[in-house]
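Here is a quick walk through one model, from the overall numbers down to single residues. Have the sequence and the 3D view open while you read.

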Amino acid sequence: MAAENPVESLQEEATCPVCLEYFTEPVTLDCGHNFCRACIAQCWEGSDTAASCPQCTETVQQRNLRPNRQLANVIEIAKQLSLQAAKGTGGDGVCGKHQEALKLFCEEDQTPICVICRESRAHRTHTVVPIQEAAQEHKERIQAHLKTLREEREKLLGLKVTGERNSREYLKQTQTERQKIVSEFQQLRQFLEEQERLLLAQLEKLDEEIVRIQNENVSKLSEQISHLSELISEMEGKCQKPASEFLQDIRSILSRGEKGKFQQPEEISPELEEQVSDFSQKMIVLLETLEKFKDTLPSALETKRGGSLGTFRQVNVTLDPDTAHPKLLLSDDRKSVSLGGTQQNLPNNPERFDYWSCVLGCERFTSGRHCWEVEVRDQGGWAVGVARESVRRKGQISHSPEGGIWAVGRWLGQFQALTSPETLLPLSRVPSRTRVCLDCDRGQVTFIDAGDEAPIFTFPPGSVPGGRIRPWFWVGGSRLRLCP
């Protein structure tokens, strides 16, 4: 049956029936059928009998192969028409080997092929589908990939927008912190300059008083020395005279000698000595305060900045009921704890505190910088801080670094750091909200008044050893609440 497409009909007429490809050096037999010279020679090779046509099996009496030059020209024209038709429908969809349109798709080789390639040995046993069907199938796969890629791109764009927004917020916060630091240090400089002027003025008054007393004493001593020198000369001259003249007016000379005894100069008054002593004590206290301030300022500022800028990671701490003393009452969300009147019937597991009314947080830290805030609701005893995970749970324990606890709190009516011995904290008021800042990498714990951001106390770097560290709480009468 003739093909509906004239170009395809021409391609069929220009195809060798043996190799199924375009004729190469076409020759014509006596029966009128055409073959490639190489193909017909291969068919007749080794045959001593009369040759026959491979297509109609008609016996060919003479093996005269007449070149068909007209067919050769037609083949070239067919190739050109096939190439133009392929370019007109698909651009570059032309088989590079056969110059045929790529109408099929080989599933095994995942490549487009032409109809001639389909019948070749390379693809004859392969699964082949129409190219449009294969294209549609692969387009669906590509669309699925595109959907995933677009979703990923949207996520990345969202992260980019969020990152840019966070960066702007952080920059605003750093600017606010910068202005706050400049303002606070300006006030600090003004305060120190005022203190310097007051102290120097007091010293100047003390200097003037000391110089006045010294000058008066020097003047009095100089007068006495001059008077005594005159009296000595007079008495030495009297001693050189004869006895009769020497004894004349002897009573007056002796009386003047007795009155000329040395008088002690004015001493520095006890009031002035007390002023100097008080001033020295003030200077000692001031210098010690400045030294402590210089030591704690870097970590306090660092912690303060970290609380607002994210240097310390805010942790959502929850209480561990398996460690809570039986008298402690934990809220359902495990964010609040208070001391009950009676002891609950709870299993005495190894993790539970059984003497002191303590409880640990569920979180465990081995590295990084973390902070959380605790609010005190009542005025009873309490303490907050951190502890080793291996802290002793049974019997009496030491609430100090030696016992594996680093904390501050209200203890026996006084606010103090739980050191050994305890360190009283001279604050004007006990903070109602305390921020605990744990730096595992430096082995340091800092406590901040979350209300005014003022530093409370710092256990210096290296105080907290390595290992697992957990939030620690002692409830003696107050109600503690972990802030969101």
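## The chain as a whole

Let's start with contacts: among those in the protein chain with a separation of 6 or more, 59% are between residues 24 or more positions apart. Keep in mind that this is a predicted model. The protein chain holds 8 helices and 22 strands.

How much of the chain is buried? Of its 484 residues, 32% are buried. The accessible surface of the protein chain is about 30,300 Å², and carbon and sulfur atoms own 52% of that.

Now zoom in on strand 19, residues 444-449, where 6 of the 6 residues are buried. Gln 444, Thr 446 and Ile 448 point one way, Val 445, Phe 447 and Asp 449 point the other way, and all of them are buried.

Strand 19 has a partner in strand 18 (residues 433-439): the two run antiparallel and are joined by 6 bridges. In that pairing, Val 436 has Phe 447 as its bridge partner. The hairpin made by strand 18 and strand 19 has 4 residues between the strands, and Gly 443 takes a positive phi there, near 65 degrees.

Strand 20 (residues 454-459) also pairs with strand 19, in the antiparallel sense and over 5 bridges. Here Asp 449 sits opposite Ala 454. Strand 19 and strand 20 make a hairpin with 4 residues between them, and Glu 453 in the turn has a positive phi of about 65 degrees.

In soluble globular proteins, nonpolar side chains tend to be buried together. The largest nonpolar core here has 33 residues, and the ones touching the most other members are Trp 372, Val 386, Leu 438, Val 445, Phe 473 and Leu 480. Another core, of 13 residues, lies apart from it and includes Ala 383, Ala 387, Val 391 and Trp 411.

What does Val 445 contact, leaving aside its neighbours within four places in sequence? The list is Val 386, Trp 406, Val 436, Cys 437, Leu 438, Phe 457, Thr 458, Phe 459 and Val 464.

How many disulfides does a search of the whole structure find? It finds 0. Cys 39 is buried, with a relative accessible area of 10%.

Cys 371 is in no disulfide either: the nearest cysteine sulfur belongs to Cys 437 and is 5.0 Å away. Buried or exposed? Cys 371 counts as buried, at 0% relative accessibility.

Methods:
Residues numbered from 1 in each chain as written. Predicted model: local features only at pLDDT ≥ 70, side-chain atom pairs only at ≥ 80, totals over all residues. Heavy atoms only, no water. Core = buried A, V, L, I, M, F, W, Y, C linked by side-chain atoms within 4.5 Å. Buried < 20%, exposed > 50% of the residue type's maximum accessible area, 1.4 Å probe, protein only. Contact = heavy atoms within 4.5 Å. Disulfide = S-S within 2.5 Å. Areas by Shrake-Rupley, 256 points an atom, 1.4 Å probe, with all protein chains shown as cover. Pairing = 2+ DSSP bridges.
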